[in-house]
Amino acid sequence: MDTPASLHNKRIGCIGCGNMGGAILGGLAGRPGLHLFGYNRTPKRLEPLLAKGVKPVADIPGLVAASDIVIIGVKPYLVAETLQAALPALRPESVVISIAAGVTLRDLREVVQNRCHVVRVMPNTPALVGSGVFAIEEDPQLPQPVLGMVLDLFSLIGQPIVLPEKKFNPFMALVGCGPAYVFHFMDALAEAGVTMGFTRQEAIDLVTQLFLGSARLAAVPGSHPAILREQVCSPAGVTIAAMNHLDRTAVRGHIIDAVLAAHAKS
Ligand SMILES: NC(=O)c1ccc[n+]([C@@H]2O[C@H](COP(=O)([O-])OP(=O)(O)OC[C@H]3O[C@@H](n4cnc5c(N)ncnc54)[C@H](OP(=O)(O)O)[C@@H]3O)[C@@H](O)[C@H]2O)c1
C-alpha cells in the first residue's frame, strides 16, 4: 500500500517505545514519505528501531517539537506525567494519540488542556508485521481531516475501526489482549505436536501455517467459523472426536470466560 497523501512528509514520534509503541513504529518503519522519531526512558530499547531508520530524540519536549503526530506508548499510569512533560511543546495542530488501556478521552483532554488534538486508539501487537487491528474512539470534536489522517496511518499497519467509547473496553479484552490468547493456543498445539514426535521447530512451523491458512479461510467473505469447523468434522471421523473432547471439558466456555475476565479488569 502506498503512503496516503494525508501522511506525506509527516513526522511521527513515539514516547515509550516498548512492546506496543515499538511495534507501531517498527511497523511504520521504511514507509516512503514518513519521518519517524522515538524517545524511550531506557535508550537501549530503541536500538532495534534505530536500525530500521527511526531517529532518536533526547527528551519528551524534543520529541513533541519534532513530530506532527505523537504516539504515547507508556504504561497507562505514566500517561498523565508524560503529557505534562509534553505540554509546553504541544501546538494546536499537534495530534496526540494515546494507546493506553483505560485512559479515556476525557482524561487526555484534561491533561493537554485543549492545546491540541487528542485521539484514543487501542492497538494490538500484530501491528509489527502490518496486521494489527486498531480501535479509534469516535469523537465528534475531532476534525474529519485529522480522523482521516489517523485512519490512513493505522491502515499502513493493519485495519483501523472507529468505535464508540462503550465498545472500547470490550475491544481491548477481545482484540487488544487477543494475540496472547492465540499464542497460548498455538503453543498448546505445538506441545501436542512435540508429544507426538515432531521437533519443537517443526511443530511451531506447522502450527503457524495452520493458523495463517485457517485465518485466511475465515477471512473469505461469507465465511462463518462454525460452518468451517463443521466442514472439517466428518461423521464418525477423527476431528469430531477431538471436538467432543473440547466440548466435554468446556474449553469453549473457558475461552469466553477468559475474555470476560479481561473485560472485568479493564
Ligand atoms: N502490549 C500490548 O499488547 C498492548 C495492547 C494494547 C494497548 N497497550 C498499551 O500500550 C502501552 C504500552 O504497553 P507495552 O506493553 O508496550 O509496555 P512496555 O513494553 O513496558 O513499554 C512501555 C515503554 O515506555 C517506556 N517509558 C516509560 N516511561 C517513559 C517516559 N517517561 N519517557 C519515555 N519512555 C518511557 C518504557 O521504558 P523502559 O524501557 O525504561 O521501561 C517502555 O519501553 C500501555 O499503555 C498499554 O496499555 C499495549
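How many residues surround the ligand, and which are the closest? In this predicted model, the ligand is surrounded by 22 residues, of which the closest are Asn19, Met20, Asn40, Thr42 and Val74. The ligand sits in the second largest pocket, and the protein chain itself is divided into domain 1 (5-164) and domain 2 (178-265).

- Thr42, one of the closest residues, has an N or O atom in its side chain that lies 2.4 Å from an oxygen atom of the ligand.
- Val74, also listed among the closest residues, places a polar backbone atom 2.7 Å from an oxygen atom of the ligand.
- At Ala101, a polar backbone atom is found 2.9 Å from an oxygen atom of the ligand.

**Burial and surroundings**

- The ligand exposes 890 Å² when taken alone, and the protein buries 84% of that area.
- Sorted by class, the shell around the ligand comprises 12 nonpolar residues, together with seven polar and three charged residues.

**Domain arrangement**

- Domain 1 covers residues 5-164 and domain 2 covers residues 178-265, and their C-alpha centres are 33 Å apart.

Technical notes
Residues are numbered from 1 along each chain as its sequence is written. This is a predicted model: local features need pLDDT of at least 70, side-chain atom pairs count only at pLDDT 80 or more; totals for chains, interfaces and linings use all residues. Side-chain values use heavy atoms; hydrogens and water are left out. A residue is near a molecule or strand if one of its heavy atoms lies within 4 Å of it. A polar contact is a pair of N or O atoms within 3.5 Å; within protein, one must be able to donate a hydrogen and the other to accept it, and residues adjacent in sequence count only if both atoms are side-chain atoms. Accessible areas come from the Shrake-Rupley method with a 1.4 Å probe; for residues, only the protein chains shown count as cover. On a 1 Å grid over the protein atoms alone, a cavity is a set of points where a 1.4 Å probe fits but cannot get out, and a pocket is an open set with protein on both sides within 12 Å along at least five of seven lines; lining residues have an atom within 4 Å of a point. A molecule sits in a cavity or pocket if more than half of its atoms lie within 2 Å of its grid points. Ala, Val, Leu, Ile, Met, Phe, Trp, Tyr, Cys and Pro count as nonpolar, Asp, Glu, Lys and Arg as charged, and the others, Gly among them, as polar. Domain bounds come from an automatic or database domain assignment.
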